[in-house]
Amino acid sequence: MGTDEPRTVRAMAATSYGDPARVIAPVDVAVPAPGPDEVTVTVRAAGVNPIDGKIVRGQFGDDPAALPRRIGSEAAGVVSAVGDGSRFAVGDEVIVYRAIGGYAQALLADDETVFRKPAALPFPTAAGLLLTGVTAADLVETAAVTDADTVVVHGGAGGVGAIAVQLAVRRGARVIATAAQRNHEYLAGLGAVPVVYGDGLTERLHQAARGPVTAALDTVGTDEAIDASLALGVAPERIVSIAAFGRGGDGIILVDGSTPQSKRHRAEAIPGLIADATSGELTVEVAKTFPLEQAGQALAELAGAHPRGKFVLLP
Ligand SMILES: NC(=O)c1ccc[n+]([C@@H]2O[C@H](COP(=O)([O-])OP(=O)(O)OC[C@H]3O[C@@H](n4cnc5c(N)ncnc54)[C@H](OP(=O)(O)O)[C@@H]3O)[C@@H](O)[C@H]2O)c1
């Protein structure tokens with residue numbers, strides 16, 4: 001049992017809704033003593049995800065009463081206090097997903113959202129693994145990818161896309177993935193045939209496929225990605241997207257973790273993702289680390305630069 005005293009820590013929060021580089025500021029927050037089946041985690045690294053920026057920009061609501069709004073959906077750190085009945089002990093290295101307010105020096109987490117981090121898995125990698133990992137697993141499961149498939153992954157060098165590529169390759173599928181030219185060597189190393197997105201995409205994918213394309217996993221959400229998938233003759237129910245929410249009318253499948261099936265896919269994927277990222281079987285790149293105080297800059301950069309790999313904050 002650790003200290004049960006509440007403590008005050010530094011967190012980064014949205015002080016209004018808008019450009020993350022302008023509106024995210026440090027705030028002092030009280031971390032209450034953990035209640036039953038809860039732990040306090042001292043954060044060693046926090047994953048930065050596009051959804052954090054969307055929340056700050058007000059795309060999921062702009063209620064002024066919710067300000068200052070804590071952000072950060074995943075983190076890795078060390079348990080510093082435990083509540084009654086918790087399965088964890090002070091000193092355990094853990095991953096928190098979903099975290100509430102991961103951009104902070106410490107946070108309170110329910111045991112159900114805490115997973116043991118193997119010592120060999122670095123904190124920054126662990127902090128950037130699960131949100132993208134479970135989403136990629138959901139894409140591959142929902143599309144029911146097998147070794148009989150030729151699969152297109154749209155946005156194959158992104159956080160979600162790079163894991164989706166690896167999971168589909170591991171199932172024995174032939175994988176073609178779209179990315180900027182500078183990421184092609186990386187994608188080839190993951191086992192995919194790289195293709196540049198943009199004008200003429202359908203024809204390039206057709207050439208690369210050397211046969212029918214049977215499934216498409218979309219992490220980008222552009223009309224170009226969905227239109228190319230349909231034009232290649234992929235059945236709409238095997239075009240699965242995490243971002244093309246305006247294209248549901250085409251009969252494609254949209255996943256966001258909200259349905260029982262999508263929740264199950266995501267929960268079941270977690271142990272394997274942690275084990276495979278630790279063994280090195282799954283490649284998870286950390287593109288850049290930032291001090292916690294530069295959270296706004298990290299989110300602004302994430303929106304513009306298309307980094308390959310994860311951005312991670314270090315408190
Ligand atoms: N529904 C869900 O459950 C769920 C869960 C997680 C994420 N998401 C959403 O999924 C999206 C991707 O997330 P992420 O974490 O993978 O983001 P990310 O790491 O920023 O990757 C996005 C990738 O998209 C590629 N890209 C950009 N413009 C493109 C275009 N016009 N055509 C093809 N590829 C393009 C970029 O690759 P290049 O560098 O090669 O250009 C970039 O690597 C975000 O919108 C995020 O909010 C949804």
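Arginine 247 counts as buried in this predicted model. Its relative accessibility is 13%, and the cut-off for buried is under 20%. The residue sits in a loop.

What does the side chain of arginine 247 pair with in a polar contact of 2.8 Å? The partner is the side chain of aspartate 250. Further along the sequence, arginine 247 touches Asp223, Ile226, Asp227, Leu230 and Ile252. That list leaves out residues up to four places away in sequence.

Now step back to the whole chain. The chain is divided into two domains. Domain 1 is built from two segments, 7-129 and 284-314. Domain 2 covers 132-254. The C-alpha centres of the two domains lie 29 Å apart. Domain 1 brings 11 residues to the contact, and domain 2 brings 9.

Next, the interface itself. Domain 1 and domain 2 bury about 760 Å² between them. Carbon and sulfur atoms account for 46% of that area. Which three residues supply more than any others of the area that domain 1 buries against domain 2? They are Leu129, His306 and Arg308, with 51%.

How many salt bridges does the rule find across the interface of domain 1 and domain 2? The count is 0. Polar contacts are present: the rule finds 3 residue pairs across the interface, with both residues at pLDDT 80 or more. On the side of domain 1 that touches domain 2, the residues divide into 4 nonpolar, 4 polar and 3 charged.

Note on methods. Residues are numbered from 1 along each chain as its sequence is written. This is a predicted model: local features need pLDDT of at least 70, side-chain atom pairs count only at pLDDT 80 or more; totals for chains, interfaces and linings use all residues. Side-chain values use heavy atoms; hydrogens and water are left out. Domain bounds come from an automatic or database domain assignment. Contact means heavy atoms within 4.5 Å. Buried area is the accessible area (1.4 Å probe) that two parts lose on being put together, summed over both. A salt bridge is a side-chain nitrogen of Lys or Arg within 4 Å of a carboxyl oxygen of Asp or Glu. A polar contact is a pair of N or O atoms within 3.5 Å; within protein, one must be able to donate a hydrogen and the other to accept it, and residues adjacent in sequence count only if both atoms are side-chain atoms. Ala, Val, Leu, Ile, Met, Phe, Trp, Tyr, Cys and Pro count as nonpolar, Asp, Glu, Lys and Arg as charged, and the others, Gly among them, as polar. Helices (H or I, at least four residues) and strands (E, at least two) are DSSP runs, numbered from the N terminus. Buried means under 20% relative accessible area, exposed over 50%, partly exposed in between (1.4 Å probe, protein chains only).
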